[in-house]
Amino acid sequence: MKTYGIAAPGRGARAATPIPVRRSFLRRSLAAGVLATGLVAAGGLPATADDSAATTDLTLTATVDGRNAVLGADFQGFSVESADFAHGYLTRERMAERLRTLGPHGVIRLGGYSMDLVWPAFGTWTDAPAPPEAIGGTVDQSDLDHLKELLDATGWKVTLGAPLKKIIDPSKIKNPTRDPSPDVSLEQVVAEVTAAYRTLGDDLLGVELGNEYDNVTTLTDAEMWETAKQYRAAIDEALPHANLKIVGPSANTAKTNTHLEGFVSAALADKSTQPRQVLSELSSHWYPWSHCGSSVMTIGQLMSPLTYTNTRSKLAGIMAVDDQLHGTIPMTLNESNSASCSGMPAASNSYATALWSLDYLLQAAQSGVDRLQFHTNTTGVCGDFKARDSAEYPISYRYYGAFCAADQAALDANELSANPLYYGIWAFRQVPQGRFVDLDLADEHLDKLRAYAVKGKAGTLTVVLINVQDPAHADSTQDAVTLNLPSAYGTGSQVTLRSAAPEGLASLDAAQISLGGRTVSPAGVATGAPQSSAVAVDHRSATVTVAPGTAQIVTFSH
């Protein structure tokens, strides 16, 4: 009979010439503000905008550039703690519908800080009892079998996290008494990888080497590169025809990319091999804000231009490293979310994150990064957060999670309701594959609007306009965005992401969120395809009104 341990506490637009803006400084009451937002009428379609509402007029010109990044089908994904995997939560019954609603492509990363706290029970270690330090649980063949069923049912793929701390020189561990790891050898890691490959086949994309090595070890970037080569060689010896490579370096989240740059510099300086022979992807972590220690994050900070520009700088640094490698290795953000250490209550779980995650996904994809994976729980009752000193903390509710259960009965029935984050990802998946088109949104307008455009393979143009202003604030304005299109279009339609809650961005009631008038049921199934409404288009021009706290996904067709 399989038994589970409980993991202990741990760490959990291009600037352009300014555009003239006309504003009507009409002060409104909250009730008048809600009436004026042009939110959603019956059936989920945008209501007619109120001509008396305060309006910000913006003009954006879309310019096709054949060198821009391409948005692929599997850009989005999730990062899940190894402890969740070890506790048997990655099953078809629990997860399949939630993944399928987001599309037939995606990647799950199994890892996080509990990567070093689980016990792999494979090969010689199949029947070996887990040591007391294995408080993240035991991963065995049954977990792989359930994962295989999930991947087959959804079309998604996976990367597998491998322990690091006990395999390196013990003197390199920063704090041996914090979260002491079970004594897992490299041979034991290889036994797990071998079983995973034989079970999952090509659905296993790579093996991640530890989690945030700079946070838990004193390994230099060059030493981390040598360790990656060591793991790669050991796996290749056991599976010579699998061509399984390493995911890394997965350094601690920071505004700079110092460790990523150092790791790649060490790899490029190594004349014995080439980086692409060792690495399947170069992984980074990014949380624009933190809830670690005394750090806090507000909704205003999350939606601020500063978050956008800091993220832009982070992404630009990652892509500068990609330039050094001439695009030979995929660049991923394989763990990310709004605020590190499980998110910020009343902010990371607010409606604001639906708009923020849609914006962030598009910003990251436009930068050229190959994948973005949001860290999430796969279990937990909504709001039932366990303190960091609780033994149940690693497998409990996260404020930044994509889904949670309304109560224990719902959790037992695998009924996980969609959180605001999930709605943002769902909205992102409405944007078709294609190449990004330039929009000249100036930085001075980032407090009002975020804007992206993608030209699809059939010549359609999808424009996403996000009004980041809070509808609950009386001084928020609707954005009237005139779009100068790159060619003549005959028709236009729009799908609206919005919340009906009077609290605006601060609403914690995910049941008030809809996408094109549709919602996601606790079973993980959408109540229907998002509905659209017509947008008037005059050949190469169209004006779209975006209410505060909403996003419009507008598609133009010839």
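Modeller: Let's start with Asp443, which counts as partly exposed because its relative accessibility is 27% (buried is under 20% relative accessible area, exposed is over 50%, and partly exposed is in between, with a 1.4 Å probe and protein chains only). Bear in mind that this is a predicted model, where local features need pLDDT of at least 70, side-chain atom pairs count only at pLDDT 80 or more, and totals for chains, interfaces and linings use all residues. Residues are numbered from 1 along each chain as its sequence is written, and side-chain values use heavy atoms, leaving out hydrogens and water.

Asp443 pairs up with Arg312 in a salt bridge (a side-chain nitrogen of Lys or Arg within 4 Å of a carboxyl oxygen of Asp or Glu), and their closest N and O atoms are 2.8 Å apart. This one ties together distant parts of the chain, 131 residues apart: Asp443 sits in the loop between strand 17 (434-439) and strand 18 (449-456), while Arg312 is in helix 11 (residues 305-324). Helices (H or I, at least four residues) and strands (E, at least two) are DSSP runs, numbered from the N terminus. Arg312 is partly exposed too, at 28%.

Now look at Arg450 and Asp359, another salt bridge, with closest N and O atoms 2.7 Å apart. Here strand 18 supplies Arg450 and helix 12 (residues 352-367) supplies Asp359, 91 residues away. Arg450 is buried at 4%, and Asp359 is buried at 4% as well.

The structure holds 16 salt bridges.
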